[in-house]
Amino acid sequence: MSVTFWAQYAWLPHVNGQVVERDVLIGTVDGGRIAEVTPDSGPCPPGAVRLEGLLVPGQANAHSHAFHRALRGTVQVGSGTFWTWRDTMYRVASALDPDSYLALATAVYAEMALAGITAVGEFHYLHHAPGGARYDDPNAMGEALIEAAARAGIRITLLDTCYLASGFGTEPTKPQLRFSDGDADAWAARADGLKPREHARIGAAVHSVRAVPADQLDTVAHWSSMRRAPLHVHLSEQTAENDACLNAHGVTPTRLLADHGVLGPRTSAVHATHLTDEDVRLLADSATTICMCPTTERDLADGIGPARRLASAGCPVTLGSDSHAVIDPFEEARALELNERLHTRTRGHWTANALLRAGTEDGHASLGWPESGRIEVGALADFTVLALDSVRTAGPPARLGAETAVFAASAADVRHVVVGGRQIVRDGVHQLVTDVPAALRDSIAALSS
């Protein structure tokens, strides 16, 4: 059914870039698309849904591992590296089955909705039972994630991930057996069973060059190309991966991916933290998108990636919450700029508008939802409303709404969320999951019981 929303302020496309307009009527039609955008419309008319604050497009979380949310807090005890953190992650992964994953992911996606996220790219490699035994439905775990997104009211791109080895020339370890289909052809056959839905699209992922043998990268790239589907890959998150790739193949991971047809305009390289000059050129020349996950990259001590260099070279940049140390798309956007300031000791590498586009329009495009991420006629009616009267956001003039959203607001300032014209968060309360903190607490506690 059609719904009309009235926004006190909205961040809208303009001939000279996005601007903040006031008193904006947004009409939607059956099917959840925007049919009308009228700025300066006057007071809220009778029958319209009143949305106080700043309306922006729904945020796209371009990189998620839903089960990592169960690690929050527990991995902050003691010290270590990415590789020691990974051991804890494997223990959590071993406790999940389709039912417990459905409960956990529903809670996690509801937390995302409360943070203003309307679409998630789920980098999914937890395919089989512990030890590698197949479920009766070989896609039971992926189907649980698709259903979880539906229950939380958000869109999902399930990035079904090929994960076949523990390292270059080495078999999967015991915890990794449930990730592997044996070879890329078997992965492709299983992934063929996943079907898109109104709220769900299917993409592919190469876990990393260390986890997919070089002679099988082409199979994953071909599967994605034939379906014109998004293709994502973890790239050079750790220097150890680069060193191992050089030892095994004599080239960097980026060059290896380029040589096997993985890079391109439908591909997103996640992290891209440790790159050579040639790597940057290869990524830019192929129009590969770069997905930065600043809160995870700092949590895991990965380093600060060359995001500004990549963007200047021509790579679109998107944002993800990855391990969910924090689920806050505004913190991810802010961290991209602030990390660069720390690295260069200068300010102003991205405008607030550019950072908002990274988290909205560019993020949705990287997930295969090019019709979302903008407030304009014909786009999907997916948007988020931020309070402008909280202790974080009160004070700046409304015309600086983008700057306020990126550099002051947090997930706690999300007041309303609409997906496909349906309000799933109202006044900060999720309308489908009645108690999100309890859902998180109970689903995480069940993994250790």
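Hello everyone. What you see is a predicted model, in which local features need pLDDT of at least 70 and side-chain atom pairs count only at pLDDT 80 or more, while totals for chains, interfaces and linings use all residues. Residues are numbered from 1 along each chain as its sequence is written, and side-chain values use heavy atoms, with hydrogens and water left out.

Let me start with the parallel sheet. It is open, and its eight strands come in the order E5-E6-E7-E8-E9-E10-E11-E12, with parallel pairing. Strands here are DSSP runs of E with at least two residues, helices are runs of H or I with at least four, and both are numbered from the N terminus. Two strands pair if DSSP finds at least two bridges between them. At the edges sit strand E5 (59-64) and strand E12 (317-319), each pairing on one side only. From one strand to the next, the twist averages 25°; angles run from 0 to 180 degrees between N-to-C directions, and axes are lines fitted to C-alpha atoms, for helices over the stretch in contact.

Inside this sheet, strand E9 (231-235) and strand E10 (267-271) run parallel and are joined by five bridges. Leu235, for one, has His271 of E10 as its bridge partner.

Helix H2 (98-114) lies across E5, E6 and E7, at about 140° to E6. Helix H11 (329-344) lies across E5, E6, E11 and E12, and runs at about 140° to E12.

Next, helix H4, residues 184-191. Which of its residues are buried? They are Ala184, Trp187, Ala188, Arg190 and Ala191, where buried means under 20% relative accessible area, exposed over 50% and partly exposed in between, with a 1.4 Å probe and protein chains only. Down the axis of H4, these buried residues fall within an arc of 165°, so they line one face of the helix; the arc is that of the directions from the helix axis to the C-beta atoms. The face turned away from the buried side carries exposed Asp185 and Ala189. What do the buried residues of H4 pack against? Their partners are strand E7 (155-162), strand E8 (200-206) and helix H5 (214-227), with contact meaning heavy atoms within 4.5 Å. At the start of H4, a side-chain oxygen of Asp183 comes within 3.1 Å of the backbone nitrogen of Asp185.

On to the other sheet, which is open too: eight strands in the order E3-E2-E1-E4-E13-E14-E15-E16, with mixed pairing. Its edge strands are E3 (33-38) and E16, and each pairs on one side only. Strand E4 (49-57) and strand E13 (383-386) pair in the antiparallel sense over four bridges, and Pro57 stands opposite Phe383 in E13.

Helix H15 (436-445) has buried residues Val436, Ala438, Leu440 and Ser443. Asp435 caps the N-terminal end of H15, with a side-chain oxygen 3.1 Å from the backbone nitrogen of Ala438.

Cys245 is in no disulfide, and the nearest cysteine sulfur, that of Cys162, is 16 Å away. At 0% relative accessibility, Cys245 counts as buried. The sulfur of Cys293 is 4.1 Å from the closest cysteine sulfur, in Cys291, which is too far for a bond.

Key. Polar contact = N/O pair within 3.5 Å; in protein donor to acceptor, adjacent residues only side chain to side chain. Disulfide = S-S within 2.5 Å.
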